Amino acid sequence: MQKNRRARVAAFQILFSDEVNPYKNIPEDLILERVHGDHDQFQYAMMLVRGTFQNRSKIDEYIRTSCDNWAFNRLAPTDRNILRIGIFELLYTDTPPAVTINEAIEIAKEYGNKNSGGFVNAILDRIRKEHSHSES
C-alpha cells in the first residue's frame, strides 16, 4: 500500500460524507481515527481535506471541463470526490503525478463502481496533460 493511502481514503470519506451532511468544522477526531493515530497520515489527510475544500470551485471547474458529454451533477459522488482529491494533489502538491493518479485509481476501484477506475484515470490523466502543457 502506498505510504499516504490511509490519508487519501480518510480525506475521500470526509469529502464524500460532507456532500450528504455538510460539516460545520472538519471532524479531526474522525480523521485521526481513520488513520489509526498516525500523526504524519493525519497531517496529510488534513492538508488534502482543507486544500480540497478551499479550492473546490476551481477543482470542480476542472472536472466540468474534462467530462465530455457528462453533466457534473450526474457524476457518482464517489467518483466526484476521488477526482477532487486527485486534482488537488496534481495542481497543488509536489506528489508525482503517476503516484497521484495510481492512488486515485486504486481508491476508485475499491469504493466506486466497476467503471470508476477507468473513468478517474481518464479525467486525471487529461488534467495532468493539460496542466503540464500550461507550465511549459
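**Figure 1. His36 in the loop between helix 2 and helix 3.** His36 sits in the loop that links helix 2 (28-34) to helix 3. This is a predicted model, and in it His36 has a phi near 60 degrees, a positive value in a residue other than glycine. Is this residue buried or exposed? With a relative accessible area of 61%, His36 is exposed, because the cut-off for that class is over 50%.

**Figure 2. The largest nonpolar core.** Welcome to the inside of the model, where the largest nonpolar core has 36 residues. Which of them have the most contacts inside this core? They are Ile31, Ile63, Ile82, Leu83, Ile87, Val120 and Leu124. Two or more residues come from each of helix 1 (5-20), helix 3 (39-54), helix 4 (56-66), helix 5 (77-92), helix 6 (97-111) and helix 7 (116-135).

**Figure 3. Ile63 and Ile87, a pair from helix 4 and helix 5.** Ile63 belongs to helix 4, while Ile87 belongs to helix 5. The two are 24 residues apart along the chain, and 8.5 Å separates their C-alpha atoms. Ile63 has a relative accessible area of 0% and is therefore buried; Ile87 is also buried, with a value of 0%. Setting aside neighbours within four places in sequence, Ile63 is in contact with Phe72, Leu75, Arg80, Leu83, Arg84 and Ile87. For Ala71, the picture reads as follows: Ile87 is 16 residues from Ala71 in sequence and 18 Å from it in space, C-alpha to C-alpha.

**Figure 4. Leu124 and its partners.** Leu124 is one of the core residues with the most contacts. Which residues does Leu124 touch, not counting those up to four places away in sequence? The list is Leu83, Gly86, Ile87, Leu90, Ile101 and Ala104.

**Figure 5. Arg80, a buried arginine of helix 5.** Arg80 lies in helix 5. A relative accessible area of 7% places Arg80 among the buried residues, because that class takes in values under 20%. Apart from its neighbours within four places in sequence, Arg80 is in contact with Glu19, Ile63, Phe72, Asn73 and Leu75. Phe12 is 68 residues away from Arg80 along the chain, yet the C-alpha atoms of the two are separated by 9.8 Å.

**Figure 6. Helix 1 against helix 6.** Two packed helices are described by the angle between their axes and the distance between the axes. Helix 1 and helix 6 pack at an angle of about 60 degrees, and their axes are 11 Å apart. The two helices are therefore oblique to each other, and helix 1 passes helix 6 in a right-handed crossing. Helix 1 brings Arg5, Arg8, Val9, Phe12 and Gln13 to the contact, and helix 6 brings Val99, Glu103, Glu106, Ile107 and Tyr111. By type, the residues of this contact divide into 5 nonpolar, 1 polar and 4 charged.

**Figure 7. Helix 3 across helix 5.** How do the axes of helix 3 and helix 5 meet, and what angle do they make? They come within 9 Å and cross at roughly 100 degrees, so helix 3 and helix 5 are roughly perpendicular to each other. From helix 3, Tyr44, Met47, Leu48, Gly51 and Thr52 meet Arg84, Ile85, Phe88 and Glu89 of helix 5. The residues of this contact divide into 5 nonpolar, 2 polar and 2 charged.

Note on methods: Residues are numbered from 1 along each chain as its sequence is written. This is a predicted model: local features need pLDDT of at least 70, side-chain atom pairs count only at pLDDT 80 or more; totals for chains, interfaces and linings use all residues. Side-chain values use heavy atoms; hydrogens and water are left out. A nonpolar core is a set of buried Ala, Val, Leu, Ile, Met, Phe, Trp, Tyr and Cys residues joined through side-chain atoms within 4.5 Å. Buried means under 20% relative accessible area, exposed over 50%, partly exposed in between (1.4 Å probe, protein chains only). Helices (H or I, at least four residues) and strands (E, at least two) are DSSP runs, numbered from the N terminus. Contact means heavy atoms within 4.5 Å. Axes are lines fitted to C-alpha atoms, for helices over the stretch in contact, and angles run from 0 to 180 degrees between N-to-C directions. Angles under 35 degrees count as roughly parallel, over 145 as roughly antiparallel, 65 to 115 as roughly perpendicular and the rest as oblique. A crossing is left-handed if the near helix is turned anticlockwise from the far one by less than a right angle, and right-handed if clockwise. Ala, Val, Leu, Ile, Met, Phe, Trp, Tyr, Cys and Pro count as nonpolar, Asp, Glu, Lys and Arg as charged, and the others, Gly among them, as polar.
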